[in-house]
Amino acid sequence: MEAAMGLMRRIPPKHSEAALSALLSLLPHHSADLLSQVDQPLQVLRDVDSGKEFILCEYNRDADSYRSPWSNKYHPPLDDGLYPSQELRKLEVEANNVFMVYCDQYYEGGTSSVYIWENEDEGFIGCFLIKKDGSRTADGRRGYLEEGCWEAIHVIEVVPLEEATARYCLTSSVMLSLTTNDESSGNFNLSGSIRRQMNMDLPIAEGHLCNMGRMIEEMESKLRYSLDQVYFGKTKEMICTLRPPSEPVQTRLLEHISKRLS
Amino acid sequence: MSDEEETQPTDDQKIEIAKWFLLNAPAGEIQYIAKDMKAVLQDETLYTTAAAVAFPLYNKSHMICLDFPDRSGEVMVTPFSEISENEYLDPRTAQVAVVDHVNQVCRRARPANDEELPTPYIEEYRYALDIEVTKYVSEAYPKGICSVYCVNGKDVEEPGLDFELVVVISAARLSPQNFCNGSWRSIWNVEFKDEAQFVEVRGTLQVGAHYFEEGNVQLDAKHECKDSTMLMSPEDCAHSVTTIIRHHETEYLNSLQTSYSKLPDATFKDLRRKLPVTRTLFPWHNTMQFSLRRDIQKSLGLEK
């Protein structure tokens, strides 16, 4: 299993679906672990009732059907699918509505979904997902990206503690892919994913949604910053190490120009 | 997909899977992938079959560089220097290296036969170009290696016929302890067209980087360019072609730099803003207002 994760860390991210497929066929008895630990590109379906899109993941899947957070129905319909309790469903509905606005404000488009279900000991698990297509043919307003996709998966485990507090364990993954294509710099593709964890004990005075939301917001900001540093910072550093920009040429050129001007 | 009994893949399918993983290893990482692949496959025979096919392809594609056993020089494993599956020519020392692909070492070397080397006429051009390119590479790349091969017309003995040389440049920076590896590969096809007295130069530049500390992030960038110059003496051609190569590679690097300075702002914003338009964090505690005022919020959020 460790070897399998090692492989997933090295295979080019654009091939991660094929890689996971291959590993699942070679290691069927590890499939549960693989599916929960390896992040895959997110897919969406349209809800039959409201026409709104919802995101598919392991947490809203039962057999081969997926439950929509908008109508609470399985697509395709399932006779005895798993549903969250009434209380959790109420929280789930509120979470979806609020998260949708959060998504609009930060992502200016994109699709969001939240799934909540019971855990042991009166706790619960929430999964918050976002998918944003920023390519110029989709929601990319500035039109610079040939292809660009941001996908976030936040899984947060909530365990009530004594004295009106709860423990929140958040594991977040962001998968990011961007491609630009133009005359001078050819075809340029940056893809990958980063995963982080954060744990907090918080009072539940303002409600679970508030706590979870704030943690996710903080985590996303940190991840965005990290991605900026890693995607752009590190890879640029690598290129400059391989072939340093020819500063001597630039200074010579500047000297030459200044001589001609004087 | 996961809960039912899966039929095991056939041996052939397993070999194909192993080959695929090995071939897709980033620069400098095939041995790590090899180790992990062996553990996943749990079958020495199948792995060996896959490796025997995958390693040569990988080595040639990444143009790995191996030392001669007697340290007399280096040989680059490329499609252009291939004499046979395990033999690769180094024109500089006129030796042929016998290579163990899976272990990525040179086992022994032998002098090259006359048939394996170009004619003196071609060699003049090849040699002159090699000198110039080697000089350029040592200036531009901290750890670059290069070579020049004749891929077409190596038996041409005098002016009157076309021939083609290939310049390959490869630089790799491997820093596994920093979770970061990168590679630069450029391949320049130089066609000498006798009738038009014209040299056509076509280049393919490829840069890759892999960062894997908290995840897996990879850069894959490719660029193609074309240029030309007059057919002249070997030394003048060499100088001219190398100037073309230097110019285009520098230009490409500059435009990559420009991309890098523009990308973070332009593209990241298209994906996720740093903060909402309101310039404040999201008011999670005010969730009540959203149920009532959601549409107003939405249109505020969507304004540029």
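**View 1. The interface of chain A and chain B.** In this predicted model, 93 residues of chain A are in contact with 86 residues of chain B. The size of an interface is often given as the accessible area lost when the parts come together. For chain A and chain B, the area buried between them is about 8600 Å², and 64% of that area lies on carbon and sulfur atoms. Across this interface there are five salt bridges, and 27 residue pairs are found in polar contact, with both residues at pLDDT 80 or more. Several elements of chain A give two or more residues to the side that touches chain B, among them helix 1 (2-10), helix 4 (86-107), strand 9 (165-182) and helix 5 (208-242). Helix 5 of chain A gives the most to this side, with 22 residues. When the residues on the side of chain A that touches chain B are sorted by kind, they divide into 44 nonpolar, 26 polar and 23 charged.

View 2. Side chains of opposite charge can pair when their charged atoms come close. One such pair is formed by Arg273(B) and Glu108(A), whose side chains meet in a salt bridge with an N to O distance of 2.9 Å. This pair crosses between chains: Arg273(B) lies in the loop between helix 5 (234-271) and helix 6 (287-302) of chain B, while Glu108(A) lies in the loop between helix 4 and strand 6 (111-118) of chain A. Glu249(B) and Arg243(A) also meet through their side chains in a salt bridge, here at 3.9 Å from N to O. Over all chains, the structure holds 27 salt bridges.

**View 3. Strands paired across the two chains.** Strand 10 of chain A and strand 11 (residues 215-230) of chain B run antiparallel and are joined by eight bridges. Within this pairing, Ser193(A) stands opposite Asn216(B), a residue of strand 11 of chain B.

**View 4. An open sheet in chain B.** Four strands of chain B make up an open sheet in the order 3-4-5-6, and their pairing is antiparallel. Strand 3 (82-84) and strand 6 (105-111) of chain B are the edge strands, each of which pairs on one side only. From one strand to the next, the twist averages 35°.

Technical notes
Residues numbered from 1 in each chain as written. Chains lettered and ligands numbered in written order. Predicted model: local features only at pLDDT ≥ 70, side-chain atom pairs only at ≥ 80, totals over all residues. Heavy atoms only, no water. Pairing = 2+ DSSP bridges. Axes fitted to C-alpha atoms, helices over the stretch in contact; angles between N-to-C directions. Contact = heavy atoms within 4.5 Å. Buried area = accessible area lost by both parts, 1.4 Å probe. Salt bridge = Lys/Arg side-chain N within 4 Å of Asp/Glu carboxyl O. Polar contact = N/O pair within 3.5 Å; in protein donor to acceptor, adjacent residues only side chain to side chain. Nonpolar A, V, L, I, M, F, W, Y, C, P; charged D, E, K, R; others polar.
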